Amino acid sequence: MINNLVGKQPLLYTVIKWIIISFLVVIFIYPLILTVIVSFKAKAEVWGNFFGLPEKLQFHNYVDAWKRGHIGRALFNSFYISIVTVFFQILLSSMIAFLLVRVKIPFNRFLYAFFSIGVMIPLHAIVLPIVRKAVLLNASDNHIYLILVYVAGGIPWFVFLLSGYMRNVPESLEEAAMLDGSSLSRIFFSIVLPLSKPVILTCSILAFLGSYNELLLAMVLLKSYANLTIPVALMAFTGFHNVNFPQLTAAVTISILPTIILYLVFQEKVEQGLAAGAVKG
Amino acid sequence: MRIFKNYYPTIFLFLLPGLSIYIYFFALPVFQTFIESFFYWEGLKINVEFVFVGLKNYIDLFKNDPYFWKAFLNTLKLMVGNVVFQTLVGFTLAMLLNSGIRFKRFLNIAFFMPVVLSATSVSLMWRFIFHPDGLINRLLELAGFTELITPWLANPVTNINAILVVIVWQGIGIIMILFLAGLVGIPKEVLESCVLVGAGRWDTITLIIIPMLKTVFITVITLILIGSAKAFDVIWILTSGGPFRSSEVLTTLMYRQGMLLSQPARGGTTASFIFLFLILMSYVIRNIKSDNKIIN
């Protein structure tokens, strides 16, 4: 905008500008490209032919990583945990937001404060008691327990975001429905939820990325290979000596594909969601 | 909305599941962490005895834990480094994207892409880049700076900076988007009048744009400070706080004490400290914000 206003820039300026921009793009994109390239190399090629392309595409890295890291299983676990988490986070939070800002139930100010204070609290404050509680309830290595913890951790965020949106939805439709004698759940499910669709999509994306990418809680709560989520399963490829980089990068590539696709499909929604999630934090 | 008597059953049905999950799996654990930090207790056993000791756990942590100050200092370093680099670069990128540049959509996606990836996979990619035979050292070798070649993550002097690079790389996209949202909100007339009075590019940025985006700057800085104090995944995967705990930060210290060294009481105290530190920081920043509003 400013450039247009100030008028035409000298050629040298434009050239320098684009050199800097290309340099920045390389810094942001090259690590991803390098990861994909390494994932197709033979193990000896990684250091021997560092900058080159793979001599022959080694698809077996993907097969080996898939088997060795239980990646298929982990991918399934991650998807199923994230989807269940998103569903309950959004459902429960939107019902609460509806009660707090539309129905205005008794104590709604107190409850609103009680929920939204959770936004300020880092996950670290709950990790150790949550682990002890898991031992106590005999729920270590249990997906349902992990999902419940995720849902609990997400509720403050989504109550906060959804009530911010619902506050600005016009009330006339609800009032008309109420005069018709509609039940509260009917008003919620057939009027308020459909009207909140855009923000619900944004929140769902934020919620999905949050649980799909979450490491700390999954790491302390899940034990057996069959139960791991993607981030924890990736950890199995680390270790400081003799890391098999082609397999590691193959596993990383598989794990980031879903989020990259999600981002490319819903570019603006993802950006809005993550920005909204960041700001209220 | 008026509440009718026959709405009460539905209200409870709507409120109770969310409220009870939130209380049991979030609010109570937070409360527990905080309260327990004032008690002496041992072990991960089920029937633990709690003896009230006041602030003794905190004093112990500050005085007797050899790594606490190291970890705190590293956390502060990450906070300062992130604020400086993410704000500067994020703002510059946002200005760039807002300048009617060509390939805007492509550039936007390129700079934002790392944000959607998990910190785990990002850190694993960068472990390869920082590897002693990895990209950075190869490039240094090609450029002839052989004396700079070092095992970046295993060198106690460089590892915290390497960690900073990764966190900045991953976080900048979101900062850029926040600034961009602010920039789009600046009316075109304001910028046009700058041109009319003959203000240069630099003056327009420092005297008009930055003051107009003051709230965005404060929000962005707050969230970078909080975000970098909370960072765990990147550090744990890149260095696990090592070697010799040279890159320990508060969050890895808490994890090590609580989960690996079987010092749950001390880990809990560290967790409480992080929590209090963040609350205090948000409170201070919020007050600065409202002061500014009064002045303006």
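Modeller: Go ahead. One term before we start: a helix here is a DSSP run of H or I, at least four residues long, and helices are numbered from the N terminus. Also, this is a predicted model.

Biologist: Fine. Where does A:Phe107 sit?

Modeller: A:Phe107 is in the loop between α5 (71-103) and α6 (108-116) of chain A.

Biologist: Is A:Phe107 buried or exposed?

Modeller: A:Phe107 counts as exposed, because it has 10 C-beta neighbours inside 10 Å. The cut-off for exposed is 12 or fewer.

Biologist: And what about its backbone, what is phi of A:Phe107?

Modeller: Phi is near 65° for A:Phe107, a positive value in a residue that isn't glycine. For context, most residues other than glycine have a negative phi.

Biologist: Which place in chain B does B:Ser240 take, and what is its phi?

Modeller: B:Ser240 has a positive phi of about 55°, and it is not a glycine. B:Ser240 lies in the loop between α11 (233-238) and α12 of chain B. With 18 other C-beta atoms within 10 Å, B:Ser240 is partly exposed.

Biologist: You mentioned α12(B). How many of its residues are buried?

Modeller: 9 of the 11 residues of α12(B), which spans residues 250-260, are buried, so this helix is largely enclosed by the rest of the structure. Among the buried ones are B:Leu250, B:Met254, B:Tyr255 and B:Arg256. Just after α12(B) comes B:Ser262, which takes a positive phi of about 50°.

Biologist: Back to chain A. Which loop holds A:Phe40?

Modeller: The loop between α2 (11-39) and α3 (45-48) of chain A. A:Phe40 is buried, because 21 other C-beta atoms lie within 10 Å.

Biologist: What does A:Phe40 touch, leaving aside neighbours within four places in sequence?

Modeller: A:Phe40 is in contact with A:Pro54, A:Leu57, A:Gln58 and A:Asn61. By comparison, A:Leu274 is 234 residues from A:Phe40 in sequence and 32 Å from it in space, C-alpha to C-alpha.

Biologist: What about A:Ala44, buried or exposed?

Modeller: A:Ala44 is also found in the loop between α2 and α3 of chain A. A:Ala44 is exposed, with 9 other C-beta atoms within 10 Å. Along the chain, A:Ala44 and A:Pro246 are 202 residues apart, yet their C-alpha atoms are separated by 9.6 Å.

Biologist: Where is A:Ala139?

Modeller: In the loop between α7 and α8 of chain A. A:Ala139 counts as partly exposed, with 17 C-beta neighbours inside 10 Å. Leaving aside neighbours within four places in sequence, A:Ala139 is in contact with A:Ala134 and A:Tyr145. A:Leu221 is 82 residues from A:Ala139 in sequence but 8.6 Å from it in space, C-alpha to C-alpha.

Biologist: Now helix packing. At what angle do α5(A) and α8(A) cross?

Modeller: At roughly 40°, with the axes of α5(A) and α8(A), residues 143-166, coming within 7 Å. That angle makes α5(A) oblique to α8(A). The crossing is right-handed. Residues in this contact divide into 19 nonpolar, 7 polar and 1 charged.

Biologist: And over in chain B, how do α7(B) and α10(B) cross?

Modeller: The axes of α7(B), residues 159-184, and α10(B), residues 214-230, come within 10 Å and cross at roughly 160°. So α7(B) is roughly antiparallel to α10(B). Their crossing is right-handed.

Biologist: Which residues meet there?

Modeller: On the α7(B) side, including B:Ile167, B:Gly171 and B:Phe179; on the α10(B) side, including B:Val216, B:Ile224 and B:Gly227. The residues of that contact divide into 7 nonpolar, 5 polar and no charged.

Biologist: Zooming out, how is chain A divided?

Modeller: Chain A has domain 1 (2-61) and domain 2 (70-236). Their C-alpha centres lie 38 Å apart.

Biologist: Last topic. How many residues does each chain bring to the contact?

Modeller: Chain A brings 76 residues and chain B brings 74 residues. On the chain A side, the largest share, 10 residues, comes from α7(A), which covers residues 124-136. The chain A side divides into 55 nonpolar, 16 polar and 5 charged residues.

How values were computed. Residues numbered from 1 in each chain as written. Chains lettered and ligands numbered in written order. Predicted model: local features only at pLDDT ≥ 70, side-chain atom pairs only at ≥ 80, totals over all residues. Axes fitted to C-alpha atoms, helices over the stretch in contact; angles between N-to-C directions. Helix = DSSP H or I, 4+ residues; strand = E, 2+ residues; numbered from the N terminus. Parallel < 35°, antiparallel > 145°, perpendicular 65-115°, else oblique. Left-handed = near helix turned anticlockwise from the far one by under 90°. Contact = placed C-beta atoms within 7 Å. Nonpolar A, V, L, I, M, F, W, Y, C, P; charged D, E, K, R; others polar. Domains from an automatic or database assignment. Buried ≥ 20, exposed ≤ 12 C-beta atoms within 10 Å, placed from the backbone.
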